[in-house]
Amino acid sequence: MDAIYGVTMDQLAAMFSKDGELRAQFGDQQGRAEFDRWLRTQGCDSNTFAHAWNAWHDRFKADPTGQLEAQFHMKLAKLSAKAHFGDVRDMSGDTVEGITLDQYAQICVAVSRQGANVDEIVQRFGLADAAHWQRANAAWGQKMGQDTTHALSMQYGELYAKYAGSSFAQEQQNQTAAILAEANKPRDRVDEPEEELTPELCLHKMQSPSQKERWKYAYHYAHMADLGNVPDKNQAIMNVAPILLEMIERSDEHTTSDAERGARKLWDLGVRGDDFRGAVVRRLNRTKEKLASLHAAFAPIQNQAVPERIFLQSAIQDHQGLVQYLEDDLLREDWSDGAPPQGAYAAPPGPQPVPFQGGHAAAPAHGAFAMPAMPAMPAMPKRGAPVWLFAPVMIAVIGGGIFFVSRAKVKTPTAQAATASASAAATAAKAPAASTATSATAAPAATTKTAAPAKTTTTKPAAKPKGK
């Protein structure tokens with residue numbers, strides 16, 4: 001394969017995989033430094049890597065077949081699988097409803113063949129009848145659905161690919177390529193009109209029983225009030241302050257970004273009351289307590305290639321970002337200036353603050369509380385925390401070729417026609433072509449199913465690429 005800026009496509013995939021691996025292991029900031037050091041051992045640097053990716057990205061998009069970019073995703077998937085699932089125990093011998101995961105994959109492949117006799121196939125594998133297969137199929141599907149780390153799904157996908165033969169990987173690649181080719185076609189784009197965002201709309205949506213919707217429109221309304229785009233700013237503060245306080249008090253580990261957004265907007269609006277400061281202190285203490293729990297859970301697996309490492313690292317950085325803003329930025333501001341109108345709002349009920357000792361939350365007495373349970377899979381961070389952390393996991397799952405058997409067709413269950421890789425390619429095709437990141441080692445952009453890194457730019461290009 002030709003090299004661009006001295007980097008082949010194989011090397012590019014290895015670089016992206018290593019970047020995700022190191023940042024999952026060490027966190028965003030230290031991980032970038034470790035990645036820079038690793039690049040130097042490969043005869044490269046972050047600046048060259050960024051230029052190479054920009055040029056490769058242009059080449060991928062210029063391929064009318066989509067095959068070149070699909071090949072890149074397949075290579076990256078294999079490397080990411082090893083980097084993030086390499087130390088997961090072998091689950092091929094695990095048994096559910098009398099059949100192992102290995103047998104389940106073999107049966108799924110067999111019954112997906114055109115003209116397959118399900119009764120004959122399941123009996124060959126020791127199952128009593130099609131009803132037994134239906135129970136096993138449902139049970140394995142449920143178990144994979146409950147596996148939020150995707151480790152089980154990954155191993156099932158690898159086993160399925162093994163028994164499906166060499167044509168399976170090519171089918172995956174072709175489906176992905178077809179979606180990418182369609183997405184890369186020149187076309188005129190017409191933006192659909194969106195609902196006009198007005199103060200009246202926001203006020204209406206702020207009464208929603210949905211917390212997510214209420215918080216979303218409260219933030220928009222607060223921004224309008226801050227810009228003076230409301231008839232009465234004092235009245236607007238009275239309307240929105242209780243919801244902004246609610247965002248601070250009632251946000252949890254999945255919605256830390258909402259806590260920060262609420263605090264920022266209250267400060268921008270000139271609110272300086274005790275209710276606001278108290279909510280900030282309580283949220284800070286809860287965040288520190290959760291952060292300690294996350295660090296304790298992360299420490300034993302920091303150097304292991306297991307998917308839990310990615311999710312924990314993401315949650316740690318999300319909580320670290322909130323602590324930094326609340327403690328290092330907000331609470332160090334001058335709170336003496338500004339105040340909301342008299343009786344403007346009342347703080348929603350919340351947990352009592354933990355007293356501070358030397359600037360840090362006091363440690364509870366032994367046995368005073370039970371550490372909160374870790375969520376199985378933290379929500380995607382919204383504050384710009386390392387969303388890239390999820391890309392390697394999803395790429396790896398995609399590359400594993402996960403074909404879930406339809407539960408609705410007992411007699412002739414087949415693999416789903418739309419593969420996970422095709423779904424990922426569709427999502428990736430909708431992603432922006434370039435990011436505004438200024439880091440030379442900007443990582444792959446990620447959504448819950450994307451497999452496409454975003455273009456990146458550099459602040460100090462050694463040699464500005466043509467057309468950049």
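## Loops and helix packing in a predicted model

Glu-97 is found in the loop that runs between strand 1 (95-96) and strand 2 (99-100). In this structure, which is a predicted model, the phi of Glu-97 is near 50°, a positive value in a residue other than glycine. Most residues other than glycine have a negative phi.

A second residue with a positive phi is His-150, where the angle is about 70° although the residue is not a glycine. His-150 lies in the loop between helix 7 (130-146) and helix 8 (151-164), and with a relative accessible area of 17% it is buried.

### The chain as a whole

The protein chain has 17 helices and four strands. Of the 468 residues in the protein chain, buried residues make up 49%. Among the contacts in the protein chain with a separation of 6 or more, 75% are accounted for by residues 24 or more positions apart.

How many disulfides does a search of the whole structure find? The search finds zero. Cys-44 is buried, with a relative accessible area of 9%, and Cys-202 is buried as well, with a relative accessible area of 0%.

Two packed helices are described by the angle between their axes and the distance between the axes.

| Helix pair | Angle between axes | Distance between axes |
|---|---|---|
| Helix 1 (residues 9-26) and helix 3 (residues 46-62) | about 120° | 11 Å |
| Helix 12 (residues 233-250) and helix 14 (residues 274-298) | roughly 25° | within 8 Å |
| Helix 14 and helix 15 (residues 308-330) | roughly 150° | within 9 Å |

Helix 1 and helix 3 pack at an angle of about 120°, which makes helix 1 oblique to helix 3. Helix 1 passes helix 3 in a left-handed crossing. On the side of helix 1, the residues that meet helix 3 are Met-9, Leu-12, Met-15 and Phe-16, while helix 3 contributes Phe-49, Trp-53, Trp-56 and Phe-60. Sorted by class, the contact of helix 1 with helix 3 has eight nonpolar residues, no polar residues and no charged residues.

Met-9, one of the residues of helix 1 that meet helix 3, also has a C-alpha atom separated by 6.7 Å from that of Phe-72, although Met-9 and Phe-72 are 63 residues apart along the chain. Phe-72 lies in helix 4 (residues 67-85), where it is buried, with a relative accessible area of 0%.

How are helix 12 and helix 14 oriented to each other? Their axes cross at roughly 25°, and the two helices are therefore roughly parallel to each other. Helix 12 passes helix 14 in a left-handed crossing. Leu-245, Ile-248, Glu-249 and Arg-250 in helix 12 are the residues that meet helix 14, whose own part of the contact consists of Asp-275, Phe-276, Ala-279, Val-280, Arg-282, Arg-283 and Arg-286. By class, the contact of helix 12 with helix 14 has five nonpolar and six charged residues, with no polar ones.

Helix 14 also packs with helix 15, and here the axes cross at roughly 150°, which makes helix 14 roughly antiparallel to helix 15. This crossing, in which helix 14 passes helix 15, is left-handed. From helix 14 the contact draws on residues including Phe-276, Val-280, Leu-284, Leu-291 and Phe-298, and from helix 15 on residues including Leu-312, Ile-316, Val-323 and Leu-330. The residues of the contact of helix 14 with helix 15 divide into 14 nonpolar, five polar and five charged. Phe-276, Val-280 and Arg-283 of helix 14 take part in the contact with helix 15, and these residues also meet helix 12.

### The loop between helix 14 and helix 15

Gln-302 lies in the loop between helix 14 and helix 15, and it is partly exposed, with a relative accessible area of 25%. Which residues is Gln-302 in contact with, leaving aside its neighbours within four places in sequence? They are Gln-25, Phe-26 and Arg-309. Arg-309 is one of the residues of helix 15 in the contact with helix 14. The C-alpha atoms of Gln-302 and Gly-27 are separated by 10.0 Å, and these two residues are 275 residues apart along the chain.

Technical notes. Residues numbered from 1 in each chain as written. Predicted model: local features only at pLDDT ≥ 70, side-chain atom pairs only at ≥ 80, totals over all residues. Heavy atoms only, no water. Axes fitted to C-alpha atoms, helices over the stretch in contact; angles between N-to-C directions. Parallel < 35°, antiparallel > 145°, perpendicular 65-115°, else oblique. Left-handed = near helix turned anticlockwise from the far one by under 90°. Contact = heavy atoms within 4.5 Å. Nonpolar A, V, L, I, M, F, W, Y, C, P; charged D, E, K, R; others polar. Disulfide = S-S within 2.5 Å. Buried < 20%, exposed > 50% of the residue type's maximum accessible area, 1.4 Å probe, protein only.
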